[in-house]
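This report goes through one protein chain, beginning with a single residue and widening from there. Please have the sequence and the structure at hand while reading.

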Amino acid sequence: MLKLVKYELRKNRTAILVLLAIAAALEAYFLISIAREASEDVYAAIALLTLLFACVSFAVFILGVSSYSGELKRRSSYLIFMTPNSALAVVISKLLFTLALAILFSALALALLAVDMPIFLDAYGEWEGYYVLFEQLLSQQGVALGEIISGFLLTVAQLFLQILSYVGVAYLSITLSATILQSRKGRGLVSFLLFVGIVFVLSHISGLYVTETLEMSATGFYVQALAPTILQSVLVLVASTILSALMLKRHVSL
């Protein structure tokens, strides 16, 4: 399966390298602006970096989906299913490819934040002691900084799983349209409509168990608020992956 993930990375390396090059250029722009003490350029660089990583999250989803969609459309796509890997392994490898991209760019964003934030605060104000001051302010409100960090990590985990579950739903929609229409035209539109419909239903379901309970610790609140969504994302991901693999094996003509 790792070979399949490497295959996906090689196949999409141009797009990945372009995104990394843009990030490197914007980071250089930020550092040069700091060195020049050009405030307007510094703020522009920060805004552009923020916009870039917002767009990257969308790009990760697109790359993950297009990787699977393209495999079913190309005439040579049957070759990958002739390798000694099951249909389930092929689908999972594409999900792992999406996860690897998400981890790569998330790590890059956190690394740049860890490097750039002290530089920015050092250039435009004293930052030593801010952590302690912030923790003291939270303590006065009865909230520990560790609970905020735990909540942040839970939120990140929930976002990762939700993105993966949406990719899984997209795979299921693409496979359903390929099953229904086979090689006829209109598969792309049908896939999109199926995806929108399934996501709408899932969003409606997740809205049924949104909690408004606040009489608990911050960590307890995050767990209670996010646990149902995390569980739903896991179930959707597993179900869509298995169903896609079953339809690929039995109903889709490659």
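Glu27 is found in helix α2. Helices (H or I, at least four residues) and strands (E, at least two) are DSSP runs, numbered from the N terminus. The model is predicted, so local features need pLDDT of at least 70 and side-chain atom pairs count only at pLDDT 80 or more, while totals for chains, interfaces and linings use all residues. Residues are numbered from 1 along each chain as its sequence is written, and side-chain values use heavy atoms, with hydrogens and water left out.

Leaving aside residues up to four places away in sequence, Glu27 touches Leu49, Leu112 and Asp116; a contact means heavy atoms within 4.5 Å.

Helix α2 covers residues 13-36, which makes 24 residues. From its first C-alpha to its last it reaches 34 Å, close to the 34 Å expected at 1.5 Å a residue; the expected span is 1.5 Å times one less than the number of residues. The buried residues of α2 are Ile16, Leu19, Ala23, Leu26, Glu27, Phe30, Ser33 and Ile34. An α-helix has 3.6 residues a turn, so residues three or four places apart point the same way.

Just after α2 comes Glu37, in the loop between α2 and α3 (39-73). Glu37 is exposed, with a relative accessible area of 67%.

## The salt bridge

How many salt bridges does the structure hold? It holds 1, where a salt bridge is a side-chain nitrogen of Lys or Arg within 4 Å of a carboxyl oxygen of Asp or Glu. Asp41 forms a salt bridge with Arg36, and their closest N and O atoms are 3.1 Å apart. Asp41 is partly exposed at 24% relative accessibility, whereas Arg36 is exposed at 54%.

Lys94 is found in helix α5, residues 87-124. Is Lys94 buried or exposed? Lys94 counts as buried because its relative accessible area is 1%. Apart from residues up to four places away in sequence, Lys94 touches Glu8, Lys11, Ser67, Tyr68, Glu71 and Tyr171.

## A nonpolar patch

Leu88, Val234, Val238, Ile242, Leu243 and Leu246 make a nonpolar surface patch of about 450 Å². Patches are made of residues with over 30% relative accessible area and no salt bridge; like charges are joined within 9 Å, and nonpolar side chains (Val, Leu, Ile, Met, Phe, Trp, Tyr) within 5 Å. Helix α9 (residues 218-250) gives the largest share of the patch, 5 residues. One of the patch residues, Ile242, is found in α9 and is partly exposed, with a relative accessible area of 42%.

## The whole chain

The protein chain has 9 helices and 0 strands. Of its 254 residues, 35% are buried. Among contacts with a separation of 6 or more, 78% join residues 24 or more positions apart. The accessible surface comes to about 14900 Å², and 71% of this belongs to carbon and sulfur atoms. Accessible areas come from the Shrake-Rupley method with a 1.4 Å probe; for residues, only the protein chains shown count as cover.

Note on methods:
Buried means under 20% relative accessible area, exposed over 50%, partly exposed in between (1.4 Å probe, protein chains only).
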